[in-house]
Amino acid sequence: MPDEQQDRRPQQAQSEESAPESQQSADQNPRQEPAQPEKLSLRSGPAGEEIRDVTSRERGRINRRELLKLLPVVAVGAFAIPRLREPLLMDGLHFSDWAAGKLFGRHRLAQTFSNSAVVPFERFPYNYYDVVDPDVDLEHWTLTVEGLVQRPGEYKLAQIQAFPKVVQNTRHVCVEGWDVIGNFGGTRASDFLRGIGADLTARYLEVECADGYYESIDMETVLHPQTLFCYEMYGQPLDRGHGAPLRLQMPTKLGYKQAKYLNTVRVTNVLKGGMRGYWEDQGYDWFGGL
Amino acid sequence: MAANANVIETPKPQTITVAYEHPLAVRIAHWLNAVAVLVLITSGLRIFRAFPSFGPKIPQQNFWVPPPGITLGGWLAGALQWHFTFMWIFVGSGLTYVIYQVVTGHWRQVLFLPRDVKGVWPMARHYFLFGKKPAVEAAYNPLQKLAYTSTIFFGAVSFLTGLVMYKPVQFWWLAWPMGGYHFARIWHFVAMCGFVAFIPGHLIMVLLHGWNNFYSMITGWKRDPEYLD
């Protein structure tokens with residue numbers, strides 16, 4: 001026991017590289033004669049590395065102790081265990097979403113572009129998860145408004161278009177890695193929601209689409225000045241493939257958040273059935289912010 | 001006992017000389033980073049596979065489609081989960097390492113500076129053309145400094161371009177110095193190639209230098225360091 005204590009004391013005291021060299025070797029091996037003077041003359045490496053002469057037992061003890069200190073690294077190995085992997089990756093995804101929400105500037109505008117930077121209409125891709133044209137009856141279409149609003153009900157397109165029209169050239173970014181700059185026209189979501197007396201302190205806007213697609217958007221983004229209920233692209237009414245008659249258009253979100261063929265919007269604090277979005281419920285991140 | 005005493009008069013403890021080469025912070029950062037880089041490269045290639053081009057969507061011209069065997073995540077969303085989880089570990093360990101080096105002054109051992117340029121070729125000649133080994137009077141030779149400093153550079157480029165790709169609206173001001181939004185994706189890929197170039201060379205050198213050298217990156221202590229010979 002006393003041996004052990006003697007071994008330990010100098011090690012702790014000498015954690016600093018700059019410990020006086022002669023003292024160090026004397027302290028450390030009180031019993032050892034200067035048997036190899038040529039080695040003892042250099043007591044630190046070229047970069048000031050601490051050098052010690054230890055018995056193999058001491059070396060084993062040092063190595064075991066240092067190995068224990070690396071345990072935090074071994075924790076990463078949890079990702080290799082199938083049962084733990086999924087929840088850990090979900091934690092990572094949710095943490096990223098949380099950070100993304102904190103980063104989001106409610107008044108920070110996405111870049112807008114000149115008309116010459118806008119991609120020709122034919123080169124604006126049609127994106128859909130199931131059918132490009134869900135056969136919406138455009139004649140009799142109405143938007144169902146539900147949830148925390150003072151005037152819920154059915155809204156005609158003309159009622160949505162009665163609000164000031166915003167036209168913007170903004171970038172549409174797909175999670176796959178491509179992007180296009182398009183021309184979009186519509187009503188500010190914030191104008192419409194204010195107009196119908198929506199509770200703007202609610203957490204989400206939920207939307208349901210004619211093709212079965214569904215999405216939910218954080219209220220911060222919904223109230224962003226560039227978030228549109230979009231009914232025009234390139235100066236023309238939305239065509240069927242791009243979401244006629246009404247879609248979301250948010251230059252602060254990835255493409256999969258920009259739901260098309262809107263049927264229902266709902267202002268809510270709780271997501272219906274816990275469903276967050278078509279792709280999100282399969283593993284994509286919910287915030288999807290840019 | 002009596003017979004032994006005749007042979008060995010005064011039993012001296014056998015000692016081993018060890019040097020503390022890698023502080024704990026460096027070792028933790030190194031191994032977390034090793035795992036993170038591997039995960040980020042393989043999941044990144046899976047993400048790239050979703051749109052393996054640097055051009056427009058229409059018409060799409062593929063640059064290179066990574067084979068699934070070298071990718072992680074199974075599909076785009078799975079790969080993004082890995083990427084969005086390990087990016088925190090990568091940035092965390094990278095920043096820990098850089099801050100530690102700056103605070104302790106150890107950066108002087110590793111950082112490749114203009115004065116190291118002249119030492120690169122003799123060292124490369126030694127490694128690749130079996131030339132005479134130049135005398136090394138520092139902890140790391142110029143070629144090592146170049147390699148290690150490069151990884152820090154690749155890491156910084158990956159981080160900054162990654163930020164621009166991940167949140168281009170919030171970090172719009174970062175896109176400009178890298179040549180615009182589209183270049184962020186290109187530089188991100190180039191930095192990945194830098195890591196891919198570094199790793200085999202690094203592993204070969206580790207293999208050549210044997211267990212003792214490798215073990216020192218785990219325990220911090222190296223047995224019989226070469227500069228004491």
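Reader: Which residue in S1(B) is the bridge partner of Glu50(A)?
Author: The partner is Tyr20(B). Bear in mind that this is a predicted model.
Reader: And what stands opposite Asp53(A)?
Author: Thr17(B), which is also a residue of S1(B).
Reader: In what sense do S1(A) and strand S1 of chain B pair, parallel or antiparallel?
Author: Antiparallel, over 5 bridges. On the chain B side, the strand covers residues 16-20.
Reader: What is the order of the strands in that sheet?
Author: The order is S1(A)-S1(B)-S2(B), in an open sheet of 3 strands with antiparallel pairing.
Reader: Which ones are the edge strands?
Author: S1 of chain A and strand S2 of chain B, residues 221-223, since each pairs on one side only. On average, neighbouring strands of this sheet are turned by 30° against each other, ignoring direction.
Reader: Back to the two chains. How many residues of each are in contact with the other?
Author: In chain A there are 51, and they are in contact with 48 residues of chain B.
Reader: New topic: chain A by itself. How many helices and strands are there?
Author: Chain A has 9 helices and 11 strands. Of its 290 residues, 33% are buried.
Reader: What share of its contacts joins residues at least 24 apart in sequence?
Author: That share is 68%, counting contacts in chain A between residues at least 6 apart.
Reader: Now a single residue. Where is Gly201(B) found?
Author: In helix H8 of chain B, which takes in residues 181-219.
Reader: Is Gly201(B) buried or exposed, and why?
Author: Gly201(B) is exposed, because 12 other C-beta atoms lie within 10 Å, and a residue counts as exposed at 12 or fewer.
Reader: How far apart in space are Gly201(B) and Tyr181(B)?
Author: They are 32 Å apart from C-alpha to C-alpha, with a separation of 20 residues in sequence.

Methods: Residues are numbered from 1 along each chain as its sequence is written. Chains are lettered from A and ligands numbered from 1 in the order in which they are written. This is a predicted model: local features need pLDDT of at least 70, side-chain atom pairs count only at pLDDT 80 or more; totals for chains, interfaces and linings use all residues. Helices (H or I, at least four residues) and strands (E, at least two) are DSSP runs, numbered from the N terminus. A residue is buried if 20 or more other C-beta atoms lie within 10 Å of its own, exposed if 12 or fewer, and partly exposed in between; C-beta atoms are placed from the backbone. Two residues are in contact if their C-beta atoms, placed from the backbone, lie within 7 Å. Two strands pair if DSSP finds at least two bridges between them. Axes are lines fitted to C-alpha atoms, for helices over the stretch in contact, and angles run from 0 to 180 degrees between N-to-C directions.
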